[in-house]
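Welcome! Take a moment to look over the sequence and the fold, and then let us walk through a few of the places where parts of the chain meet.

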Amino acid sequence: MKPPAHRDVPLCRPQIGPAETKAVVQVLESGWLAHGPKNHELEKQFQALTGAPYAIAMNSCTSALQLAVQARAIGGEVILPSFTFVASANAVVTAGATPVLVDIDPVTRCADPAAIEAAVGPRTEAVMVVHYGGQLADMAPIAKTCERRGLALIEDTAETIGATYRGRPQGSFGDGCFSFFPTKNITTGEGGLLTTHDADVHRKARALIAHGIESTTLEREKAEKPWLRAATFAGYNFRMSHLLATLGVEQMKRLDEFNAGRRRVAARYLAALAGMDGIEAPAVAEGRTHVWQMFTVIVREADRTELLKKLRSVGVGASVHFDPPVHRQPRYRDAKIGPSGLAHTERVAERIVTLPMDPGMSDADVDHVVAALRWALATTPRA
Ligand SMILES: Cc1ncc(COP(=O)(O)O)c(C=O)c1O
């Protein structure tokens with residue numbers, strides 16, 4: 001079998017249009033570059049998306065995750081899946097808590113509700129679900145566990161902007177921690193946002209992103225002595241700049257368009273991959289709307305390293321999310337693992353491949369990836 005002709009299809013191309021460019025240039029020319037009114041506009045967009053009464057734009061999802069733990073003064077255990085980007089576990093540790101790693105449901109690749117329930121112990125204070133690649137975890141039993149056991153619920157929503165579970169959006173179950181990294185459903189280059197239903201978490205997290213100072217620049221401008229800045233916490237500088245907030249506001253106006261584009265690409269992939277030997281195509285679980293932040297397949301037997309090299313040799317920017325899983329990271333080799341073990345995590349991490357996905361992909365781009373995958377599977381030996 002001959003390889004298809006080379007065609008560049010990167011893993012993801014950010015979609016920045018003229019509206020984004022114009023708005024950012026206007027802010028550049030206005031001279032107001034740090035925290036400003038667009039931060040609050042972006043926050044309002046996320047309040048509307050999630051139904052949460054509070055939202056705080058910041059510099060990354062990792063910061064949002066850390067502050068969701070820290071603002072509650074959680075110092076015990078936080079249950080989360082091992083199959084995630086290491087940032088989720090890092091945020092638990094930097095907030096001063098201890099991660100307990102649990103297995104995933106092999107279909108959604110999100111934390112398995114039964115594994116979470118089994119891992120709850122006397123030191124457990126919170127559950128951090130990670131919604132994987134555009135699809136929400138099975139939230140009904142997870143929310144029930146949290147309610148019954150009195151645990152905080154944090155949603156790592158880095159990969160699911162716009163997804164729903166039984167009609168409810170991400171961030172409506174617990175604190176939503178969003179990422180605007182370039183591969184995500186909207187982007188500001190780097191950036192993140194925390195949504196919460198808890199007034200106290202909101203108050204503390206808003207202060208913690210700005211050196212522990214509870215008033216914002218905009219609020220101080222209206223005060224009698226705007227130059228006084230009172231710090232009530234030892235905080236950080238986790239703020240988002242006005243420039244990036246402006247970009248985020250324009251991107252959010254296009255969220256539905258972007259997610260519709262991702263669904264179109266996913267539908268073409270799924271039609272082409274149905275019944276293809278050697279892989280398991282992704283599935284949409286019952287009651288969920290999928291926003292396809294990633295399109296991942298499981299490679300059954302072929303040597304994954306060789307397969308990835310072959311895909312890349314014909315221009316397909318395939319990658320892997322996530323290997324190593326958290327418990328295989330050098331920092332987390334001694335981490336506590338839930339009683340159900342990590343069998344699904346091990347297999348999925350070893351066998352998963354991420355194919356290119358962005359709403360700007362043409363039919364010809366998708367067809368090239370599919371042809372490249374067919375060729376690579378047919379010519380790659382077993383692992
Ligand atoms: C599941 C998950 N959590 C956390 C993060 C970290 O996001 P950020 O880069 O915005 O800190 C990412 C992004 O890469 C992610 O995929």
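## Around helix α12

The buried residues of α12 pack against β3 (98-102), β12 (295-299), α11 (304-313) and β14 (352-355). Those buried residues are T345, V348, A349 and R351, in a helix that covers residues 343-351. Here buried means under 20% relative accessible area, exposed means over 50%, and partly exposed is in between, with a 1.4 Å probe and protein chains only. Helices (H or I, at least four residues) and strands (E, at least two) are DSSP runs, numbered from the N terminus, and contact means heavy atoms within 4.5 Å.

A word on the model itself: it is predicted, so local features need pLDDT of at least 70 and side-chain atom pairs count only at pLDDT 80 or more, while totals for chains, interfaces and linings use all residues. Residues are numbered from 1 along each chain as its sequence is written, and side-chain values use heavy atoms, with hydrogens and water left out.

You will find A383 in the segment after α13 (363-379). With a relative accessibility of 72%, A383 counts as exposed. From A383 to A137 the C-alpha distance is 31 Å, and the two are 246 residues apart in sequence.

Now turn to L42, in helix α2 (residues 37-50). Is L42 buried or exposed? L42 is buried, with a relative accessible area of 0%. Not counting residues up to four places away in sequence, L42 touches A57, F180, L193, M240, A245, G248, V249 and M252. L42 and A283 are 241 residues apart in sequence, and their C-alpha atoms are 32 Å apart in space.

## Salt bridges

Side chains of opposite charge can pair when their charged atoms come close. How many salt bridges does the structure hold? There are 24 salt bridges, each one a side-chain nitrogen of Lys or Arg within 4 Å of a carboxyl oxygen of Asp or Glu. One of them joins D175 to R72, with the closest N and O atoms 2.4 Å apart. This pair links distant parts of the chain, 103 residues apart: D175 sits in strand β8 (residues 175-179), and R72 in the loop between α3 (61-70) and β2 (77-81). D175 is buried, at a relative accessible area of 2%, whereas R72 is partly exposed, at 27%.

Another pair is R149 and E117, whose closest N and O atoms are 2.7 Å apart. R149 is partly exposed at 39% relative accessibility, and E117 is partly exposed at 22%.

R203 and D200 form a salt bridge too, at 3.5 Å from N to O. They are 3 residues apart in helix α7 (residues 199-208), which means that about one helical turn separates them. R203 is partly exposed, with a relative accessible area of 38%, and D200 is partly exposed, with 35%. Elsewhere, R7, R13, D358 and D365 are linked in a network of salt bridges.

## Helices that meet

Two packed helices are described by the angle between their axes and the distance between the axes. The axes of helix α1 (residues 18-30) and helix α9 (residues 242-253) come within 9 Å and cross at roughly 155°. The two helices are therefore roughly antiparallel. Axes are lines fitted to C-alpha atoms, for helices over the stretch in contact, and angles run from 0 to 180 degrees between N-to-C directions. Angles under 35 degrees count as roughly parallel, over 145 as roughly antiparallel, 65 to 115 as roughly perpendicular and the rest as oblique.

The contact is made by A19, E20, A23, V24, V27 and L28 of α1, together with H242, L243, T246, L247, E250 and Q251 of α9. For α3 and helix α4 (residues 86-94), the axes come within 8 Å and cross at roughly 40°, so these helices are oblique to each other. Their contact is made by T62, L65 and Q66 of α3 and A87, S88, A91 and T94 of α4.
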